[in-house]
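Q: I have a two-part request: show me how to read a few structural features, and then apply each of them to a real case.

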Amino acid sequence: MKHKYIEKLIQRQLDREINPEQERALNEHIADCDDCREFYQEITQTCLGLETMPDFYPSPDFDHRIVRYFGWDAKSAIKKLSAAAAAVWLTTLVALVVALSPVHAVNSLVKKAPAVMRCLQSVNTVFGALARLAAPFFRSNFDPAWIAFAAVLTLITAILLSRIAKREITCTVS
Amino acid sequence: MNESPIPLINQAINGDERACRQLLNLYKGKIFSYIFRLVQNYHDAEDLTYETFIKCFNSLNTFRQDRSFKAWLFTIAHNTAMDFFRKHRQNIEYLDDMHSVPDAFVEECEKTRKFEKLEAALARLNPQDREIVILFHYEEHSYDEISRLLDMPVSTIKTRLHRARLKLRDIVTNL
């Protein structure tokens, strides 16, 4: 009878519902009773083991299945492509505006509003550097060489950005 | 895991995919382990975990934030596993002998003899008792949470848990 009661107390302790008085009675009994002590140690070790069991994980492909189901990869790629397309469009627009502007207007802009030029440079560092290199072209109005330069510049930007986008897509998918 | 996932959940509801991925990384181990220990098959467990997260993300906006997200997610996982058992015409109450041998995956993954013994002992329990043991001892849910999750009175859960502990102790000491 006593042992049955002790077993109940052990279960209560494992249930995290034992009170201090019951815990004291339990400790006193298991200090004296070999059978109950052995039972107590076995069952508490088993439960402790359950609490410390390691997690299992699904296969590495699992995340990709979820990503593919919700189309997160496509959305992410579209976002990056949109940014690349916007950058190409902006570069083209700026290049064409500069190329088709009268030479005196461009000279005036460079001299009187360097802040505007700095702003343009900050939009695209590469474009800014190339724009400074292309300054001699500003002197001639509608110079075919400058238009060709703008086209080449746009093409290079487009290629660079599409490569970046492609790499991003590959990374997302893989 | 101890931090509240509520900010992440709000971001995920607003369509933030990074938040969804973070939630997935936070809980996939717990959910997969829980389901794997229930169904005792790696591929089924993976499919059911996949289904659980699909349901979770699709119904994230119905989650009541005054409740525990973990408990909500476990409810989805539990219902998904029960649907699986029903589809396969298996009555969870009477599956005692279904999986007496643990999957080879367990042996491969478990590093110590102690855990091998425990996994083998768990696999020998009735699935419903096994689920209660896992929820109480491994996931550390309270009796009230388990009662809500399994839709079962607390007294029944206690009786089953006490019986399961004794059986586990017998199996582990005799293995």
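This is a predicted model: local features need pLDDT of at least 70, side-chain atom pairs count only at pLDDT 80 or more; totals for chains, interfaces and linings use all residues.

Q: What share of the residues is buried in chain A, and what share in chain B?

A: Burial is judged here by counting neighbours, a residue being buried if 20 or more other C-beta atoms lie within 10 Å of its own. In chain A, 13% of the 174 residues count as buried, while in chain B buried residues make up 31% of 175.

Q: What part of the contacts in each chain joins residues at least 24 positions apart?

A: In chain A, residues 24 or more positions apart account for 62% of the contacts that have a separation of 6 or more. For chain B, among contacts between residues at least 6 apart in sequence, 62% join residues at least 24 apart.

Q: How are two packed helices described, and at what angle do the axes of α1(A) and α2(A) cross?

A: Two packed helices are described by the angle between their axes and by the distance between those axes. The axes of α1(A) and α2(A), the latter spanning residues 20-32, come within 10 Å and cross at roughly 125 degrees, which makes α1(A) oblique to α2(A). The crossing in which α1(A) passes α2(A) is left-handed. On the side of α1(A), the residues that meet α2(A) are A:Ile6, A:Leu9, A:Ile10, A:Arg12 and A:Gln13, and their counterparts in α2(A) are A:Gln22, A:Glu23, A:Ala25, A:Leu26 and A:His29. Sorted by class, this contact of α1(A) with α2(A) has 5 nonpolar, 3 polar and 2 charged residues.

Q: Turning to chain B, how do α2(B) and α3(B) cross, and which residues meet there?

A: The axes of α2(B) and α3(B) come within 9 Å and cross at roughly 140 degrees, which means that α2(B) is oblique to α3(B). In this case α2(B) passes α3(B) in a right-handed crossing. From α2(B), the residues B:Cys20, B:Leu24, B:Lys28, B:Ile31, B:Phe32, B:Ile35, B:Phe36 and B:Val39 meet a set in α3(B) made up of B:Tyr42, B:Asp44, B:Ala45, B:Leu48, B:Thr49, B:Thr52, B:Phe53 and B:Phe57. By class, the contact of α2(B) with α3(B) has 12 nonpolar, 2 polar and 2 charged residues.

Q: Is B:Gln40 buried or exposed, and is B:Asp151 buried or exposed?

A: B:Gln40 is buried, because 23 other C-beta atoms lie within 10 Å. B:Asp151 counts as exposed, because it has 8 C-beta neighbours inside 10 Å.

Q: How many residues does each chain give to the contact between chain A and chain B?

A: The contact takes 26 residues from chain A and 28 residues from chain B. On the side of chain A that touches chain B, α1 (2-14), α3 (34-51), α4 (61-70) and α5 (72-100) of chain A each supply at least two residues, and α3(A) gives the most, with 7 residues. By class, that side of chain A has 14 nonpolar, 5 polar and 7 charged residues.

Q: Where does B:Leu118 lie, and with which residues is B:Leu118 in contact beyond its neighbours in sequence?

A: B:Leu118 lies in helix α6 (residues 113-124) of chain B, and B:Leu118 counts as buried because it has 23 C-beta neighbours inside 10 Å. Leaving aside neighbours within four places in sequence, B:Leu118 is in contact with A:Gly49, A:Leu50, A:Met53 and B:Val172. B:Leu118 and B:Val172 are 54 residues apart along the chain, and their C-alpha atoms are separated by 6.5 Å.

Notes:
Residues are numbered from 1 along each chain as its sequence is written. Chains are lettered from A and ligands numbered from 1 in the order in which they are written. A residue is buried if 20 or more other C-beta atoms lie within 10 Å of its own, exposed if 12 or fewer, and partly exposed in between; C-beta atoms are placed from the backbone. Two residues are in contact if their C-beta atoms, placed from the backbone, lie within 7 Å. Helices (H or I, at least four residues) and strands (E, at least two) are DSSP runs, numbered from the N terminus. Ala, Val, Leu, Ile, Met, Phe, Trp, Tyr, Cys and Pro count as nonpolar, Asp, Glu, Lys and Arg as charged, and the others, Gly among them, as polar. Axes are lines fitted to C-alpha atoms, for helices over the stretch in contact, and angles run from 0 to 180 degrees between N-to-C directions. Angles under 35 degrees count as roughly parallel, over 145 as roughly antiparallel, 65 to 115 as roughly perpendicular and the rest as oblique. A crossing is left-handed if the near helix is turned anticlockwise from the far one by less than a right angle, and right-handed if clockwise.
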